[in-house]
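This briefing goes through the contacts between parts of the structure shown below, then turns to individual residues. Please keep the structure open while reading.

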Amino acid sequence: MKPAKTPRRLRNWPVHVLLIGLCLVWLVPAFGLLVTSFRPFQAVNDSGWWTVLSAPKGQAEYEQNCAACHGPDGRQIAAADLTNPELVQNFRRSFTLIAALKKDINDQPHMGTTPVPNEQAAADIATYLRRLSGIDAPPRFTVSNYVDALVGYRGERTYEADCAAAEQALDLNCDASDLGNPRGMGRAFLNSILVTLPATILPILFAAFAAYAFAWLHFPMRTWIFALLVGLQVVPLQMTLIPISRLYAQLGLNGTFPGIWLFHMGFGLPYAIYLMRNFLGSLPRDLFESAYIDGADHWTAFWRLAVPLAIPAVASLAIFQFLWVWNDLLVALVFLGGQNPVMTYQISNMVTSLGGGWHLLTAAAFLSMALPMIIFFALQRFFVRGMLAGSVKG
Amino acid sequence: MALAVSQQTRLSKRVRRETFVGWLFVLPALLMYAVFVLVPLLLTILYSLYRWDGVGPATWVGLKNYVTIFEVPDLIGTIVNAFWLVVFFSFIPVGLGLVVASVIHRVATGRLGAIARTVLFLPQVIPLVAAGIIWGWLLALPGLINQILKAVGLGAITRAWLGDFDWALPAVGLVGIWVLLGFCIVLLLTGMTKVDPALYESARIDGAGWFREFVAITVPLLRYEIGVCLTVTVIAALAAFDIVYVSTAGGPGNATSVPGIQIYVLAFTQRAVGLACALAVMLMALVVIVILPIQWLSREGAR
């Protein structure tokens, strides 16, 4: 007799653990981005996002070196109250702090018998003192990175601080109109919408007519044309960019919305036709036959029968085309550039012009991800269907 | 007799009418496709035979642009890099995807499987630009990867991964794995649900383990889905642009330069239009050469 089986659930626990681990590995990068985008820029630059819940920088060094005399809150010596900004102002940096620590106070060494901290520790203590005295006490979390990214702020501090001090850059007005600043993500968001909506609707409309004809009408060369469309789905974007940008230069379409709509339409058509044809072709033949017998012409059959029935296919198609256009960088870079920057362009531009401005980059990246993620979670069930139907060549 | 004739004319009238309506419905889409894809496609091939700065007069040079691509290390290097990306963007996601999908299919059929599918698919829906930022931040000098290495005592090998001549390309490849694995898993999983469960049942009764089941049932029956995964990911690798442009812009040096980037740079910043077109044609040829056998193999015998 066989030994009694372990319950399946228990037997499989290592696999479950591995799977959960894989999911965590997949989530951590995006989670790090999210946390970083909500941290003040001072913190982003000097500590990793995983330290966000640990003690503030320099606290340990302070407690080790200073707390014995100054007290844990820095107020113990009334003559040297470390919460007083005017006093701490004199020891903002490590070298001024070390100089003060090396000096004698009342003919006694400042630090007594404790050795003077090294430069790194002194810098951390100075950071902590600035926090303690309120000179520079960034909060744990802030939304200012998002504000800065939306208005296209490119300074040393934050948009809010600059506006409060009336030192804002020339192209900022410190009111709601800054959301339209061409360097910002706010304007880019609007541009992305303006690009994506027509570039989603147009190809679907054109493709629907063609797909109906391919599915239900017999005309010469039908199979050949359809095969050509399907086969050419593998053409990479790069094959058509150059002649079209030349054509657009002649027509004055470079940098305009119609130019990019038309390009995306041309490129989106084969997939759209393929998916819709397969869907319409899978509908029962009798349905259309009886409509024709009842005297419906193709125009009526298309609008009254095919289109309403094809709504599920149209939905998955719309999602895919929307995401494709929204997420695209190459086409936007070539045909819109900085004239009408979309979100992806704006981010790539920030990468090259900002270098390590991670607090802004992370916020901008998250802004560009928000809409695709909302669509994904809201309309998940349409995804698989569209992917399968459209998965190149049947 | 008379009836037959009239029926025939009516029929031919119907056929003619259908031809007319058919073309009328297809024509707008076809016209758009011709103007924005077919004609540019042919023009790109034509331009590739000229030396041309895009503005002044063009000089016919025949196949010289293609010869140049093979002679200049920076240009042929992009194609070598593209094939390395195929390993990361295509082979690893499809291979790993098969394993993970079959695990989800066999073991984690409940809520865990659904969550895993969603989580792993998520990178597929966000802009590649954002993926580039996410990983740029992770792989940067003060980033999480280096901090973990330091924490486990491997501080000596920490570096700015995307700025390192030897490691930049695998680092970009890693981003590709992160993005494309979910796509493969979801596609393969739907394929697996279509496989007759009785096959798995009888294999289990015969005492087949996970591995045997995987090799003997899953892989052969998922030929079509595997073919689709390979096709999509190979194209994503060979024509890669967004991820590379944002995370390394082809650098350091030309360590991560791929055809997609090089075509853009040649055509739109260096004004070497002929050469850019030649490289584009080469890219297209590569895609076709790699895709055709995949399509062929994946369909042979499948359904």
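In which helix of chain A is the place of Thr362(A)? Thr362(A) sits in helix H20, which covers residues 358-378 of chain A. The model is a predicted one.

**Thr362(A) and its surroundings**

- Thr362(A) counts as buried because its relative accessibility is 0%, and buried means under 20%.
- A polar atom of the Thr362(A) side chain lies 3.1 Å from the backbone oxygen of His359(A).
- Setting aside residues up to four places away in sequence, Thr362(A) touches Leu33(A), Thr36(A) and Ser37(A) in chain A, and Ile133(B) and Trp137(B) in chain B.

**Domains of chain A**

- Chain A is divided into four stretches: domain 1 (8-50), domain 2 (59-132), domain 3 (144-180) and domain 4 (185-389).
- The centres of domain 1 and domain 4 of chain A, taken over C-alpha atoms, are 33 Å apart.
- Domain 1 of chain A gives 7 residues to the contact between these two, and domain 4 of chain A gives 8 residues.
- About 630 Å² is buried between domain 1 and domain 4 of chain A, and carbon and sulfur atoms give 81% of that area.
- On the domain 1 side in chain A, the residues losing the most area to domain 4 are Leu33(A), Leu34(A) and Ser37(A), which together make up 57% of what that side buries.
- Across this interface of domain 1 and domain 4 of chain A there are 0 salt bridges, and 0 residue pairs are in polar contact with both residues at pLDDT 80 or more.
- Helix H2 (13-37) and helix H3 (41-46) of chain A each supply at least two residues of the domain 1 side that touches domain 4.
- H2(A) provides the largest share of that domain 1 side, with 4 residues.
- By class, the domain 1 side of chain A that touches domain 4 has 4 nonpolar and 3 polar residues, and no charged residues.

- The size of an interface is often given as the accessible area lost when the parts come together.
- For chain A and chain B the buried area is about 7900 Å², with 82% of it on carbon and sulfur atoms.
- In chain A, Trp26(A), Met239(A) and Ile242(A) lose the most area to chain B, and together they account for 11% of what that side buries.
- The contact takes 89 residues from chain A and 88 residues from chain B.
- Between chain A and chain B the count is 0 salt bridges, while 7 residue pairs are in polar contact with both residues at pLDDT 80 or more.
- The largest share of the chain A side that touches chain B comes from H2(A), with 14 residues.
- The residues on that side of chain A divide into 67 nonpolar, 18 polar and 4 charged.

**Positive phi in loops**

- Met221(A) is in the loop between helix H11 (185-216) and helix H12 (222-231) of chain A, and its phi is near 70°, a positive value in a residue other than glycine.
- Ala249(B) is in the loop between helix H11 (242-247) and helix H12 (259-268) of chain B, and its phi is positive, at about 55°, although it is not a glycine.
- Ala249(B) counts as partly exposed because its relative accessibility is 47%.

**Val172(B) and Thr256(B)**

- Val172(B) lies in helix H7 (residues 168-194) of chain B, and Thr256(B) lies in the loop between H11 and H12 of chain B.
- Val172(B) is buried, with a relative accessible area of 1%, and Thr256(B) counts as buried at 1% relative accessibility.
- Leaving aside neighbours within four places in sequence, Val172(B) is in contact with residues including Leu85(B), Phe89(B), Leu162(B), Ile243(B) and Thr256(B).
- Thr256(B) touches Val172(B) and, among others, Asn81(B), Ala168(B), Leu169(B) and Gly250(B), not counting residues up to four places away in sequence.
- The C-alpha atoms of Val172(B) and Leu139(B) are separated by 10.0 Å, with the two residues 33 residues apart along the chain.
- Thr256(B) and Ala267(B) are 11 residues apart along the chain, and 18 Å separates their C-alpha atoms.

Definitions and conventions: Residues numbered from 1 in each chain as written. Chains lettered and ligands numbered in written order. Heavy atoms only, no water. Domains from an automatic or database assignment. Contact = heavy atoms within 4.5 Å. Buried area = accessible area lost by both parts, 1.4 Å probe. Salt bridge = Lys/Arg side-chain N within 4 Å of Asp/Glu carboxyl O. Polar contact = N/O pair within 3.5 Å; in protein donor to acceptor, adjacent residues only side chain to side chain. Nonpolar A, V, L, I, M, F, W, Y, C, P; charged D, E, K, R; others polar. Buried < 20%, exposed > 50% of the residue type's maximum accessible area, 1.4 Å probe, protein only.
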